[in-house]
Amino acid sequence: MASYAPSASSSDISTPRSTSPSSSSVASARSSHSSISTSKRMSISSSRRISAANPMSSVDIAAIEEAMRMANLDTLRGYQQKTYGEVKQFAETQYLSQNQALGYQVINEPMWNKGLSFTPEQRIAKNLTGLIPHVMEDSGKQCERALKMIRTRQTNIDRYLYLSSLKYQNADLFYRLLIDNAKELMPLVYTPTIGDVCLQYSTLYTRPEALYISIKQRKSIKTILKNWPYPNPEICVVTDGSRILGLGDLGVNGVGIPIGKLALYTAAAGIHPDKTLPIVLDCGTANETNLKDPLYLGLRSKRPSVAEQQEFMDEFMTAAAEVYPEMVVQFEDFESEKAFNYLDRYRNKYKCFNDDIQGTGAVVLGGYIGAVNLSGVPLEEQRLVFMGAGSAGVGVAKQLVEYYTKRGLSEQAAKDKFWLVDTKGLVTKDRGDKLAEHKKYFARGDNNGLQFKSLEEVIEYVKPTALVGLTATFGVFTESVVRALKASVDAGGLGRRPILFPLSNPLTKAECTFEQAVTWTDGTVIFASGSPFSQFTIKLGSDQAITYYPNQGNNVYVFPGIGLGAILAKATRVTDNMIYTSAAALAGSLNAEEVHKGLIYPRIERVRDASVIVAREVMKAARRDGVSALPEEQWLTWEEWGDPALDKYIKEHIYDPAL
């Protein structure tokens, strides 16, 4: 193939001589004009010669190279797969028992490795002499070392990676550290750090941490499930990565969510780590960044039709129930329409629940119960505006509707207290667009043909007492919005306080900050957020100050207790009453100090105490609903002796790492 390069330069082009000095000025001017014209003609002619000599000069080489790179990445193009083969494994994996394991077999298994806490007798019995330093340390000393390592890391991603490495070396140490330092470390293990981890998961990947089930291997789901190294898991968190937090479709990178969520099941509720199972269902992704990333770990293809994804989900649920019949399945971060569809489709057939819809609803309801008590606004005058009408927004609103119906309102009267706003404005029946199915329940029909496009217009129209944000849009609660909320509450009378819940995760998606909420409401706000904010102190004078304490409406207050309660009750399904009861139990779990500070959630350091209370009430609700498969004799004992006996049973069955 011939190569082309320009052969002419400015030095190759001659210039005409100037007019003789004896010529007239007119002749000189004409000569000068002629010289310029000739030069331009020769330059154009030269440019054409160069272009003719180099036909590639007008070609976008970068675009061609990018297209070639993408073509090389797309290893599935041209195939039309309509049938799927089944993986046939030649042998079952044989695992050693803990009693049989010796030497590095012990050290390399995170569930067995005790680090420097092995006693001299254990070191001899397990052939560990010389394999670890000749020193014994208790859990406090090992946690001290680990905390020092964490605090010297420069970024939260680095801290996460250290904690992840620790978890897969010494599970007991990891969970002891997490339990004892919940306020500092939970934001690293889950939100807000997990959002950044998911965005970079394919780059950060070093070891498998979950089951990765590809739609290409849909006929082998049972085989894949049986490959999990820990027998009989009790709780599974599954996602397809189609709507991760407020970050959108991350595909297989969304697996960080089940991994982080299950770490919280263990830390917050004491479900043993070897009884947890994180799963990602890989159906491809609509995320162009991932599709172009040469390191992306998932299927490099767009998602198939909704119907085909539904078939894949059906196959997964059937296989999971067959392989692990006692396992509770929690759905996490599915795109809104699928989230509602899957919950409705499976809730009465399998033991499952959706944390985005039901868990978020329960934790917000738990906080809302406390907030109403502090607000000074009578129940009958409460009016709520929701900014965000996705799966979480609608799920929360439905939980709050149940709160009002349980207090004597009809379903319609309760529903009339809610106004939902999405990107197109107030959700109404006559807005002119096709509403998603899950939005129709709350679509207003009493707007008299009026349409309200902005949140400010809706607040002016509704005059709400509470504003809830689930938009995943940072700063959407502007100063004018928050001050309008306060004004509508103040108009009702003295001593009333606005309820403001910016619940989107991570912090970069929060609708407003705690400091903004306090400042814009002159300190009267009852505030709860999805991600943690620091307390805020305002100086009143030279020696006086007032400190405001934020509330975090973190799902970790309810989903671990729901899961634990369902497991211990041997629930055959998770009922709506069990979910509602978890919220009421959370509202009743605060101690005197927390109430005195004006909190509506327990301090995060007490999340284990709250989880025991939630689990207990969920178990009792399962009994009332007739879905508990525990022996009748067991329930008769608890019904005779009450909560102390049931609490004792729960605490005896939870994991508490002691090194």
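This is a short chat about reading a few features of a predicted model.

Student: Let's start with the overall layout. Which domains does the chain have?

Tutor: The domain assignment gives domain 1 (190-354), domain 2 (359-545) and domain 3 (555-652).

Student: How many residues of domain 1 and domain 3 are in contact?

Tutor: Contact here means heavy atoms within 4.5 Å. On that basis, 19 residues of domain 1 are in contact with 18 residues of domain 3. The centres of domain 1 and domain 3, taken over C-alpha atoms, are separated by 26 Å.

Student: Which residues of α14 are buried, and what covers them?

Tutor: Buried means under 20% relative accessible area. In α14 that goes for Q309, Q310, F312, M313, F316, M317, A319, A320 and V323. Their cover includes strands β1 (211-214), β2 (235-239), β3 (276-282) and β4 (328-331), along with helices α11 (221-226) and α15 (336-346).

Student: And R606, is that buried or exposed?

Tutor: Buried, because its relative accessible area is 14%. You'll find R606 in the loop between α24 (592-596) and α25 (607-624). Leaving out residues up to four places away in sequence, R606 touches S589, L590, N591 and E594.

Student: What about the surface: which residues make the nonpolar patch of about 410 Å²?

Tutor: Look for M56, V59, I61, I64 and M68. One of them, M68, lies in helix α2 (residues 61-73).

Definitions and conventions:
Residues numbered from 1 in each chain as written. Predicted model: local features only at pLDDT ≥ 70, side-chain atom pairs only at ≥ 80, totals over all residues. Heavy atoms only, no water. Patch = residues over 30% accessible without salt bridge, like charges linked within 9 Å, V, L, I, M, F, W, Y side chains within 5 Å. Areas by Shrake-Rupley, 256 points an atom, 1.4 Å probe, with all protein chains shown as cover. Salt bridge = Lys/Arg side-chain N within 4 Å of Asp/Glu carboxyl O. Helix = DSSP H or I, 4+ residues; strand = E, 2+ residues; numbered from the N terminus. Buried < 20%, exposed > 50% of the residue type's maximum accessible area, 1.4 Å probe, protein only. Domains from an automatic or database assignment.
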